[in-house]
Every structure is written in structure tokens, then in C-alpha cells.
Amino acid sequence: MKKFRYRPAIVNGNPIVQFLFKEMHKQRCCQMDLSERVGLHRDTLRKWRTTHTPRVNDIEAALNYLGYKLTVTRLKD
């Protein structure tokens, strides 16, 4: 496991991306570990933090690695 270190603020306004990076910080999981385990390039995660919106299958794989499941629910009328 790589050495954990603090990363800069999350600039991306996407709530799923914000949750992912906050949970990574809480679980002390660095971007390098996550990218290696999920099969993404580390620059992909860096771009998620700033401006890019991830594809559904990529964010789902990242959340699964952290122990979460991405689900769809109906909005209340």
C-alpha cells in the first residue's frame, strides 16, 4: 500500500465525485492505490478531482473498491 498523503481541495462540483474523494480520504486510500486496483490511469482520477465527469462504469468500479454500491432511485413526486 502506498503512503497516504493529503490532496488539494475537490474543485469538481459533481456530488458523486465529491463523495468519492471524501471517502478515499476517510479510508486513507490514495489515488495511486485506487487507480491500480480499478484499472484507471492516475491522471484520470486527478482530472475527476478538477473538471472531468467520470463515466458511470468507472465511478461504479471506484465506489465498489471502497465498499459502496451505485444505485438509481426514483425521485419523489
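Is the crossing in which H2 passes H3 left-handed or right-handed? The crossing is right-handed. The close-ups below come from a predicted model.

**Close-up A. Helix H2 passes helix H3.** The axes of H2 and H3 come within 8 Å. They cross at roughly 120°. From H2, the contact takes in Gln-31, Met-32, Leu-34 and Ser-35. From H3, Arg-42, Leu-45, Arg-46 and Arg-49 meet them. By class, the residues of this contact are three nonpolar, two polar and three charged.

**Close-up B. Helix H2 crosses helix H4.** H2 spans residues 31-38, and H4 spans residues 56-65. Their axes come within 10 Å and cross at roughly 110°. An angle of 65 to 115 degrees counts as roughly perpendicular, and H2 and H4 are therefore roughly perpendicular to each other. The crossing of H2 and H4 is right-handed. Leu-34, Arg-37 and Val-38 are the H2 residues here. They meet Ala-61, Ala-62 and Tyr-65 of H4. Five residues of the contact are nonpolar, none is polar and one is charged.

**Close-up C. The largest nonpolar core.** This core has 13 residues. Leu-20, Met-24, Leu-34 and Trp-48 have the most contacts inside it. Helix H1 (15-26), helix H3 (42-50) and H4 each supply at least two of the core residues. H1 gives the largest share, four residues.

Terms used:
Residues are numbered from 1 along each chain as its sequence is written. This is a predicted model: local features need pLDDT of at least 70, side-chain atom pairs count only at pLDDT 80 or more; totals for chains, interfaces and linings use all residues. Side-chain values use heavy atoms; hydrogens and water are left out. Axes are lines fitted to C-alpha atoms, for helices over the stretch in contact, and angles run from 0 to 180 degrees between N-to-C directions. Angles under 35 degrees count as roughly parallel, over 145 as roughly antiparallel, 65 to 115 as roughly perpendicular and the rest as oblique. A crossing is left-handed if the near helix is turned anticlockwise from the far one by less than a right angle, and right-handed if clockwise. Contact means heavy atoms within 4.5 Å. Ala, Val, Leu, Ile, Met, Phe, Trp, Tyr, Cys and Pro count as nonpolar, Asp, Glu, Lys and Arg as charged, and the others, Gly among them, as polar. A nonpolar core is a set of buried Ala, Val, Leu, Ile, Met, Phe, Trp, Tyr and Cys residues joined through side-chain atoms within 4.5 Å. Buried means under 20% relative accessible area, exposed over 50%, partly exposed in between (1.4 Å probe, protein chains only).
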